[in-house]
Amino acid sequence: MKMRMRGWIVIAGCLLCACSEGTRTPFVRSVVLTTPVVLERTSVRNYSGVVREAHEISLGFKTAGQIECIRVGEGDYVHRGQLLAELDDDDYRLGVEALQIQYDQLADEVERTERLFRQKSVSANDYEKAVAGLKQLGVQLQVNRNKLGYTKLYAPVDGYVESVHFSPAEMVDAGTSVFTLLDVSSMEVEADIPAGEYRQRDRFTGYVCRPSGLGEDYRMRLLSLAPRADGNQLYRLRLAFAERPGRGLTAGMNAEVGISVADTAAARGVAVPLCAVFRDGGRPCVWELRPDSTVVKRVVTLGNTDSEGRAVVVEGLTGGERIVRAGVNVLQEGEKVRVIDAPGESNVGGML
């Protein structure tokens with residue numbers, strides 16, 4: 001009897017195991033995807049250029065007068081708001097004082113007229129004339145104050161004093177250039193390119209420059225390209241520094257300008273992460289995700305790695321595919337997978 005019961009227990013256990021195996025959910029592997037980056041063939045054309053200050057500013061007084069003192073010299077570096085020169089301001093100061101006296105006197109008269117107007121002792125017309133006369137005199141007073149302020153000349157920007165055109169005791173008119181200031185708050189590079197290069201301007205993809213003596217390349221961005229040629233059939237190209245250059249850069253320095261031009265030929269391939277490539281029978285392959293969430297093997301032809309360390313695929317991909325980048329060595333042809341987001345910082349290498 002005991003043997004019979006033990007047999008029934010074994011049979012029941014086998015049936016339970018069979019039922020559990022029949023309801024087990026199929027395992028679906030998780031993958032991380034990437035998209036190939038299309039690479040274009042480019043060539044670099046080099047031209048001679050010159051480093052320029054952003055602006056050359058001619059500074060002068062906004063009023064006429066005799067120069068009393070000049071506080072800076074040629075070659076000095078000045079900061080924005082720094083006092084550069086002064087005019088003799090005696091006459092302007094006296095003009096302000098005279099008008100101030102007149103204004104104060106008229107203000108007292110207007111105040112008395114207002115009291116009389118409230119008492120209906122003067123007409124509204126007389127009161128309005130008095131108020132208008134005070135306003136007009138106030139405007140004249142402010143003009144004289146402005147002229148007094150114009151006797152001092154301040155630097156509008158940071159820069160270097162390139163030249164000083166007058167000396168103390170000389171007379172200057174309003175607007176006459178007293179200083180030439182080089183605005184070095186932002187530097188730029190100018191170069192002249194030929195007409196053949198100008199016609200390819202829509203294929204310019206990047207700019208660099210190497211100033212003489214510095215031995216360092218700087219990334220540049222386009223400021224302008226003149227639409228009209230000069231007498232030598234050259235077009236003026238102006239570039240700005242993408243990052244703030246070092247202190248060794250000065251205006252007037254020669255520089256070599258490099259222009260990257262995209263080739264009109266077909267793209268030379270696409271770039272994919274090295275971890276997305278595996279070998280099958282010695283042939284390099286990648287896994288492409290199909291719309292039905294299954295993967296298919298794509299045999300590719302590899303070139304060299306690019307500057308960012310990615311594998312360059314010269315044949316087998318067009319750039320529009322969705323490629324598996326993590327876990328490629330454990331997948332099978334036609335296997336159904338589940339797509340997850342790119343690995344985070346805690347999942348280095350995308351191995352989880």
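Select leucine 181, which lies in strand E10 (residues 179-194); helices (H or I, at least four residues) and strands (E, at least two) are DSSP runs, numbered from the N terminus. The model is predicted, so local features need pLDDT of at least 70 and side-chain atom pairs count only at pLDDT 80 or more, while totals for chains, interfaces and linings use all residues. Residues are numbered from 1 along each chain as its sequence is written, and side-chain values use heavy atoms, with hydrogens and water left out.

**Stop 1: around leucine 181**

Is leucine 181 buried or exposed? Leucine 181 is buried, with a relative accessible area of 1%; buried means under 20% relative accessible area, exposed over 50%, and partly exposed in between (1.4 Å probe, protein chains only). Now show its contacts, meaning heavy atoms within 4.5 Å. Leaving aside neighbours within four places in sequence, the residues touching leucine 181 are His55, Glu56, Ile57, Leu59, Val78, Pro156, Val157, Gly159, Tyr160 and Val161.

**Stop 2: the whole chain**

Zoom out. The protein has four helices and 22 strands. Of its 352 residues, 33% count as buried. Among contacts between residues at least 6 apart in sequence, 73% join residues at least 24 apart.

**Stop 3: a four-stranded sheet**

Next, find the open sheet of four strands in the order E7-E6-E4-E9, with antiparallel pairing. Strand E7 (152-154) and strand E9 (171-172) are at the edges with a single partner strand each, so one side of each has no neighbour in the sheet. Two strands pair if DSSP finds at least two bridges between them. Strand E6 (residues 83-87) and E7 have three bridges, in the antiparallel sense. To see a bridge, select alanine 85, whose partner in E7 is leucine 153.

**Stop 4: the nonpolar cores**

A nonpolar core is a set of buried Ala, Val, Leu, Ile, Met, Phe, Trp, Tyr and Cys residues joined through side-chain atoms within 4.5 Å. Which residues touch the most other members of the largest core? In this core of 25 residues they are Ile193, Met220, Phe241 and Ile259. At least two core residues come from each of strand E3 (42-59), E10, strand E11 (204-211), strand E12 (218-225), strand E13 (234-241) and strand E14 (254-262). E10 gives the most, with six residues.

Pick isoleucine 259. Not counting residues up to four places away in sequence, isoleucine 259 touches Ser43, Val44, Arg45, Tyr47, Ile193, Phe204, Gly206, Tyr207 and Leu237. A second, separate core has 16 residues, including Leu59, Ala155, Val161 and Phe179.

**Stop 5**

E11 and E12 pair in the antiparallel sense over three bridges. In one of them, cysteine 209 has tyrosine 218 of E12 as its partner. The two strands form a hairpin with six residues between them, and glycine 213 in the turn has a positive phi of about 85°. Move on to E12 and E13, which pair in the antiparallel sense over five bridges. There, the bridge partner of leucine 222 is leucine 239 in E13.

**Stop 6: aromatic rings**

Rings of Phe, Tyr and Trp (its six-membered ring) pair if their centres lie within 6.5 Å; planes under 30 degrees apart count as stacked, over 60 as edge-to-face and the rest as tilted. By this rule there are six aromatic pairs. Select phenylalanine 117 and tyrosine 127: the ring centres are 4.9 Å apart and the planes at 5°, so the pair is stacked. Phenylalanine 117 is in helix H2 (residues 90-118) and tyrosine 127 in helix H3 (residues 124-149), so the pair ties together parts 10 residues apart in sequence. Phenylalanine 117 is partly exposed at 31% relative accessible area, whereas tyrosine 127, at 19%, counts as buried.

Then select tyrosine 218 and phenylalanine 241, with ring centres 5.5 Å apart and planes at 85°, so this pair is edge-to-face. Tyrosine 218 in strand E12 and phenylalanine 241 in strand E13 are 23 residues apart, and both are buried.

**Stop 7: helix H3**

Finish on H3. Its 26 residues reach 38 Å from the first C-alpha to the last, close to the 38 Å expected; the expected span of a helix is 1.5 Å times one less than its number of residues. Colour its buried residues, Tyr127, Ala130, Leu134, Leu137, Leu141 and Leu148. What do the buried residues of H3 pack against? They pack against H2.
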